[in-house]
Amino acid sequence: MGVHELAFTMRERVVGGAVVMELLGEIDILAEQVLGPRVESLAGRCRGDLVIDLRGVTFLDASGVRLLLRARARALRGGARLRVVRGGVMVSKVIRIAGVEPAFAWLDEFPPTAVGSVPA
């Protein structure tokens, strides 16, 4: 029997008062099943700014889109302001094709480069 390494992970950090969820690797059905409860829990506890950073995502499928939508729903129920840092070209393409791009407030980078400026 071999040892299988997961092709994804999630890191949490606080930057400038915002809770940042950094998704890394392949966000597919296995990632949704493993990370889903953790993402929902964090989104539900956050009462301020919540940022999901997709820059480290190398693959995203419909399950990954569903994970983002679950995080959005949970954050909104809890009163958090959710923003998403755009991922690479292929990740953005999946989000655009799924038709969910308007559901999120998008950032091109995080933290913003302008001092004192946090895009809505």
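User: Why is R38 called partly exposed?

Analyst: Buried is under 20% relative accessible area, exposed is over 50%, and partly exposed is in between (1.4 Å probe, protein chains only). R38 has 36% relative accessibility, so it counts as partly exposed. Bear in mind that this is a predicted model: local features need pLDDT of at least 70 and side-chain atom pairs count only at pLDDT 80 or more, while totals for chains, interfaces and linings use all residues. Residues are numbered from 1 along each chain as its sequence is written, and side-chain values use heavy atoms, with hydrogens and water left out.

User: What makes R38 and E12 a salt bridge?

Analyst: You need a side-chain nitrogen of Lys or Arg within 4 Å of a carboxyl oxygen of Asp or Glu. The R38 and E12 side chains come to 3.2 Å, N to O, and meet in a salt bridge. This pair joins distant parts of the chain, with R38 in helix α1 and E12 in strand β1, 26 residues apart. Helices (H or I, at least four residues) and strands (E, at least two) are DSSP runs, numbered from the N terminus. E12 is partly exposed too, because its relative accessible area is 39%.

User: How many salt bridges does that rule give?

Analyst: The count comes to 12. One of them pairs R70 with E32, whose closest N and O atoms are 3.3 Å apart. That one also links distant parts: R70 sits in helix α2 and E32 in helix α1, 38 residues apart.

User: Is E32 buried or exposed, and how do you know?

Analyst: Its relative accessibility is 7%, so E32 counts as buried.

User: Which residues are linked in a network of salt bridges?

Analyst: R11, R13, E22, D53 and R55. E22 lies in strand β2, and at 13% relative accessibility it counts as buried. Leaving aside neighbours within four places in sequence, E22 is in contact (heavy atoms within 4.5 Å) with T9, M10, R11, R13 and D53.

User: How do you know the length of helix α2 agrees with its residue count?

Analyst: The expected span is 1.5 Å times one less than the number of residues. Helix α2 covers residues 62–78, which is 17 residues, so it should span 24 Å; the end C-alpha atoms are 24 Å apart, and that agrees.

User: What caps the N-terminal end of α2, and what follows the helix?

Analyst: D61 does the capping, with a side-chain oxygen 2.9 Å from the backbone nitrogen of S63. After the helix comes G79, whose phi is positive, near 90 degrees. S63 is among the buried residues of α2, as are L67 and L68. The buried residues of α2 pack against β2, α1, β3, β4 and α3.

User: Why is F8 called buried?

Analyst: F8, in strand β1, has 8% relative accessibility, so it counts as buried. Its contacts, leaving aside neighbours within four places in sequence, include L24, L30 and V34.

User: What makes a patch, and which residues form the nonpolar one on the surface?

Analyst: Patch residues have over 30% relative accessible area and no salt bridge; like charges are joined within 9 Å, nonpolar side chains (Val, Leu, Ile, Met, Phe, Trp, Tyr) within 5 Å. Here L6, I29, L30 and V34 form the patch, with about 340 Å² of accessible area together. That area comes from the Shrake-Rupley method with a 1.4 Å probe, and for residues only the protein chains shown count as cover. L6, in the segment before β1, has 48% relative accessibility, so it is partly exposed.

Key:
Polar contact = N/O pair within 3.5 Å; in protein donor to acceptor, adjacent residues only side chain to side chain.
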